[in-house]
Amino acid sequence: MRAWSSERIESLLAEDVPHGDLTTHLLGIGDRPGRMRFQMRRPGVVCGIEVAAQLVTQAGGAAQVVRPTGTRVAAGDLLLEASGTAGALHQAWKVAQTLVEYLSGIATATAAMVDAARAVSPDIAVVTTRKTFPGNKAAMIEAIRAGGAEPHRLGLSETVLVFPEHRAFLADPLAAIARLRAAAPEKRIVVEVDTLEGVRAILPAGPDILQCEKMTPAEIAAVVADVAAAGSPARVAAAGGVNAGNAADYARAGAHILVSSAPYWAAPADVKVTLEAA
């Protein structure tokens, strides 16, 4: 995982420790040497541990990453070792732990979806939407990549995706799609549809990808069949409600791409942190 800027690290610490650690200060233990360890309580995929190490360092301690981002770990595996004063370790502790838990939870959920889908269709693409929590896109994209997925769209500026909400403003959607292809020949044209009738209506426009919103696996299989019957090279993407529990069903139905927001809402991983006097 790439390093975060020192300004961003400092802002995370300042948010949690704006005026020093009152408890550690009043106990008079801030200068005592200590050690800290991060361990995963359950199997999962690690993400964010390098940033945890940066937080420790910025607080005045020293840290060594044992299991880097993207590593699949077993319960009890050591992720990070740190040393420093009790004051430094306590300042970094909760911010670092929480960040690793959230990002590792996303990475673990992503890996579960990828594993389920590719057990059926090894070449299927698993991608995630742009519905990241505002202000945290970079970190969440790192997490889904750690789990084996890629971003579907990083934002509105990079991809052409025609929603029904766009077509509501168009007198002739088929002609509009032809104009898109002429205006942006280097871009793939993705069109979202939510019914079989919608698929059949839009296929003559020659979309590169049909993004099928909230269709069942059986409906996806029907879309795949319609695309093949039309002799279209369009790829079929299943989107809306796709998760680790049904990824295999969508892969089995013939989807080429799975589009999901589910990993972003995963439960955090459970990271055990041990602090002790050195």
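Reader: Which side chains meet in a salt bridge with 4.0 Å from N to O?

Author: Side chains of opposite charge can pair when their charged atoms come close. Here Arg37 and Glu81 form such a salt bridge, at 4.0 Å from N to O; the term requires a side-chain nitrogen of Lys or Arg within 4 Å of a carboxyl oxygen of Asp or Glu. Arg37 sits in strand β1 and Glu81 in strand β5, 44 residues apart, so this pair links distant parts of the chain. Helices (H or I, at least four residues) and strands (E, at least two) are DSSP runs, numbered from the N terminus.

Reader: What kind of model is this, and how are residues numbered?

Author: This is a predicted model, with residues numbered from 1 along each chain as its sequence is written. Local features need pLDDT of at least 70, side-chain atom pairs count only at pLDDT 80 or more, totals for chains, interfaces and linings use all residues, and side-chain values use heavy atoms, with hydrogens and water left out.

Reader: Are Arg37 and Glu81 buried, partly exposed or exposed?

Author: Buried means under 20% relative accessible area, exposed over 50%, and partly exposed in between, with a 1.4 Å probe and protein chains only. Arg37, at 26%, is partly exposed, and Glu81 is partly exposed at 32%. Salt bridges that share partners join Arg35, Arg37, Glu81 and Glu276 into one network.

Reader: How many salt bridges does a search of the whole structure find?

Author: The search finds 13. One of them pairs Arg42 with Asp270 at 3.8 Å, N to O. Arg42 belongs to the loop between β1 and β2 (44-45), and Asp270 to the loop between β12 (257-260) and β13, so parts 228 residues apart in sequence are tied together. Asp270 has a relative accessible area of 27%, partly exposed. Another salt bridge, at 3.1 Å from N to O, joins Arg252 and Asp249. Both lie in helix α10 (residues 247-252), three residues apart, about one turn of the helix. Arg252 is exposed at 56%, while Asp249 is partly exposed at 36%.

Reader: Back to the strands: what order do they take in the open sheet?

Author: Strands of a sheet pair through backbone hydrogen bonds, either parallel or antiparallel. This open sheet has four strands in the order β3-β5-β1-β13, with antiparallel pairing; two strands pair if DSSP finds at least two bridges between them. At the edges are β3 (62-65) and β13 (271-277), each with a single partner strand, so one side of each has no neighbour in the sheet. Four bridges join β3 to β5 (residues 78-85), and Gln64 has Glu81 in β5 as its bridge partner.

Reader: Which helix lies across β1, β3 and β5?

Author: That is helix α3 (residues 49-59), running at about 170° to β3. Helix α4 also packs on the sheet, touching β1, β5 and β13, and its direction makes about 160° with that of β5. Axes are lines fitted to C-alpha atoms, for helices over the stretch in contact (heavy atoms within 4.5 Å). Angles run from 0 to 180 degrees between N-to-C directions.

Reader: Which residues touch the most other members of the largest nonpolar core?

Author: In soluble globular proteins, nonpolar side chains tend to be buried together. The largest core has 73 residues, and Phe38, Leu79, Leu210, Ile220 and Leu258 touch the most other members. A nonpolar core is a set of buried Ala, Val, Leu, Ile, Met, Phe, Trp, Tyr and Cys residues joined through side-chain atoms within 4.5 Å. Helix α4 (residues 86-120) supplies the largest share, 14 residues.
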